[in-house]
Amino acid sequence: MPVRTCVGCRTRTSAVELLRVVAEVGGSGPVAVPDPRHRRPGRGAWLHPDPACLRLAERRRAFPRALRVPGSLDTSAVQHHLSAGQPPAVAQDMTDAGSVPRQATEGKQVDPS
């Protein structure tokens with residue numbers, strides 16, 4: 001299981017416990033967008049799904065540095081995601097549709113008869 005560092009509190013933890021954030025180009029400049037399924041393309045920054053860690057990351061200006069974006073980022077989409085109380089989805093347990101857990105399959109199934 002990969003270990004990542006939260007850009008807010010700088011604590012290392014499992015990636016499944018963190019929210020991935022990516023930068024996208026918006027109408028008024030770059031925007032930080034939450035990626036709870038860990039599927040969006042591009043460089044990601046990792047954050048605990050906690051408003052306190054988000055405030056620390058904003059105060060330290062960690063998102064532009066981690067995402068390698070010049071200037072500042074609009075983090076309102078991440079704030080909205082955290083205030084909605086949505087826990088980060090476990091990426092490896094979800095299908096591409098995101099609704100049904102994937103079943104582990106190992107090798108071929110053999111008829112026991």
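**Entry 1: the strands**

I began with β3 (19-26) and β4 (29-35), which pair in the antiparallel sense over seven bridges; two strands count as paired if DSSP finds at least two bridges between them. Helices and strands here are DSSP runs numbered from the N terminus, with helices (H or I) of at least four residues and strands (E) of at least two. A hairpin of two residues links β3 to β4. Arginine 20 stands opposite aspartate 35 in β4.

A note on what I am looking at: this is a predicted model, where local features need pLDDT of at least 70 and side-chain atom pairs count only at pLDDT 80 or more, while totals for chains, interfaces and linings use all residues. Residues are numbered from 1 along each chain as its sequence is written, and side-chain values use heavy atoms, with hydrogens and water left out.

Next I turned to β5 (44-47). β3 also pairs with β5, antiparallel, over four bridges. Which residues are the bridge partners of valine 21? I found alanine 45 in β5 and proline 34 in β4.

**Entry 2: the sheet as a whole**

I read the strand order as β4-β3-β5, an open sheet of three strands with antiparallel pairing. β4 and β5 each have a single partner strand and stand at the edges, so one side of each is left without a neighbour in the sheet. On average, neighbouring strands are turned by 35° against each other, direction ignored. For such angles, axes are lines fitted to C-alpha atoms (for helices, over the stretch in contact), and angles run from 0 to 180 degrees between N-to-C directions.

**Entry 3: helix α3 on the sheet**

I then followed α3, which lies across β3, β4 and β5 and runs at about 25° to β4. Which residues of α3 (residues 76-83) are buried? They are Val78, His81 and Leu82, where buried means under 20% relative accessible area, exposed over 50%, and partly exposed in between (1.4 Å probe, protein chains only). Seen down the helix axis, the buried residues of α3 fall within an arc of 95°, so they line one face; the arc is taken from the directions from the axis to the C-beta atoms. His80 and Ser83 are exposed on the other side.

I also checked the cover over these buried residues: it includes β3, β4, β5 and α1 (51-60). Valine 78 is in contact (heavy atoms within 4.5 Å) with Leu19, Val21, Ala32, Val33, Pro34, Leu47 and Leu54, leaving aside neighbours within four places in sequence.

**Entry 4: the core**

Val78 came up again in the largest nonpolar core, which has 20 residues; Val7, Leu47, Phe63 and Val78 have the most contacts inside it. Such a core is a set of buried Ala, Val, Leu, Ile, Met, Phe, Trp, Tyr and Cys residues joined through side-chain atoms within 4.5 Å. The elements giving two or more residues to this core are β3, β5, α1, α2 (62-67) and α3.

**Entry 5: alanine 62**

I looked up alanine 62 in helix α2. Alanine 62 is buried, with a relative accessible area of 4%. Not counting residues up to four places away in sequence, it touches Val7 and Ala57. Its C-alpha atom is separated by 9.8 Å from that of cysteine 6, 56 residues apart along the chain.

**Entry 6: the chain overall**

The chain has three helices and five strands, running β-β-β-β-β-α-α-α from the N terminus on. Of its 113 residues, 34% are buried.
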